[in-house]
Amino acid sequence: MTTTLVPSNSTPLERALDLTGAGAIAGLEQAADAIAGWKIVNPQPALAPWLTYEYGLGPLSPYVPNLYDLLDDGIRWERLRGTHAGMAMGLGFVGYSAEIVDPPARRLAWADYQLTFDRVRDDEADLVPIDGVARLSQPARSQFRRGVHGYDIPAVEASWTRTSACILGDDSGVHLPETGGLDGPKWSYGRSYPFAVTLSEAELTALGIWIPGDGSSGLRWADIQTPWSEITQTWAELGSPGTRNAQMAQTLAAFGAYVGFWRGDASLIGARRAKAIAQVGVVPAASEIFRLGGESLAPTTGGDRVYVEALTGFGDAAGEQVAEVGILCGAHHTNPAKPGALWIDAADLVTPQAAVARTPVSIALGRTVRERVTFLLDFE
């Protein structure tokens, strides 16, 4: 800088001092430029907490423990808050991803949104940070109503009918005190565990339904365990190949069943009543009812296999770790006042027959997940 700003009547001393200071201006310019970026480009660790306060990132800090990540990503998140992109970024901080499902605009609760997650929560403790970061990322006028994956039974809406806009029942899920109780969101998760199991001769003998033979020929009258009044096949069908398995399937399906849950030390936790137990047969894909194990299946009285399904309730034996599942035929509650109880603890369970189809599994029972266990039983 060579231009002087001193007046024309300045003294020689004043002009000399002006020229002396002009040489240091270049260095001062660099320092002045650095002041604007020193807290953003590479802030010192001691400065990070103060910058977190300055940028208003304190509420987000519990979910992004690394202060440098918080400063880098938090500012971008602040610019996106209240949008779908902001919600996606916020959930990413706690390791999750979800689709936002908004209710129709006609609903009175049009701002109460649902999050459909990419997976079942890894741990029940994760629901607290999920709820917290969702509330921070949402628009001020919105409310987090429900988080789901794998088990989503919405309320029945009868809008545009004579019943007006009433809602029948309620959405699936449970409230947790850790995430606001009744004022917080519902959580509704579900997992499925399908198994195809061939019952052994020992298991079928223990149930009293074993019929000798390999199914290549018809049945002998003496081998049939089913009462005559319950047999649905004709004489010709009983004498044809393949009837053996159908007879055992018919008898087994008539028992009724609970699905049992065992710990790693083989002690029984409890059992859930089967919501379905029926004979099934293979059908053409065009007429399939459901698929299991890659096959198209449908209930049928002539089926040579048995389908068993149980769905635990929210909170059944929450906190227990299941190492094995199996089928308890004819099980029931010891309390005569609860003959049809859906979940029975081991202490209240009567098992007149040995468990069959016991299969290793790893299930962490919780308050927010319903576990669907299904068996497709074949016969040796």
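This short talk goes through the aromatic pairs and the charges over rings in one structure. The model is a predicted one, so please keep that in mind.

A search of the whole structure turns up seven aromatic pairs. I will take two of them.

The pair I start with is Tyr 96 and Phe 117. Their ring centres are 6.2 Å apart and their planes meet at 80°, so this pair is edge-to-face; the cut-off for that label is over 60 degrees. Where do Tyr 96 and Phe 117 lie? Tyr 96 is in the loop between helix H5 (84–93) and strand E1 (98–101), while Phe 117 is in strand E2 (residues 112–117), so the pair ties together parts that are 21 residues apart in sequence. Are the two residues buried or exposed? Tyr 96 has 5% relative accessibility and counts as buried. Phe 117, at 3%, counts as buried too. Tyr 96 and Phe 117 also belong to one aromatic cluster with Tyr 189.

Next, Phe 195 and Phe 375. This aromatic pair is tilted, with 5.7 Å from centre to centre and 35° between the planes. Phe 195 sits in strand E7 (residues 186–199) and Phe 375 in strand E19 (residues 369–379), so the parts tied together here are 180 residues apart in sequence. Phe 195 is buried, with a relative accessible area of 14%. Phe 375 is buried as well, and its value is 0%.

Now the charges over rings. Arg 358 lies over the face of Trp 262, 4.1 Å from the ring centre. Arg 370 has its charged end over the ring of Phe 314, at 5.8 Å from the centre.

That is the end of my part.

How values were computed: Residues are numbered from 1 along each chain as its sequence is written. This is a predicted model: local features need pLDDT of at least 70, side-chain atom pairs count only at pLDDT 80 or more; totals for chains, interfaces and linings use all residues. Side-chain values use heavy atoms; hydrogens and water are left out. Rings of Phe, Tyr and Trp (its six-membered ring) pair if their centres lie within 6.5 Å; planes under 30 degrees apart count as stacked, over 60 as edge-to-face and the rest as tilted. Helices (H or I, at least four residues) and strands (E, at least two) are DSSP runs, numbered from the N terminus. Buried means under 20% relative accessible area, exposed over 50%, partly exposed in between (1.4 Å probe, protein chains only). A charge sits over a ring if NZ of Lys or CZ of Arg is within 6 Å of the ring centre and within 35 degrees of the ring normal.
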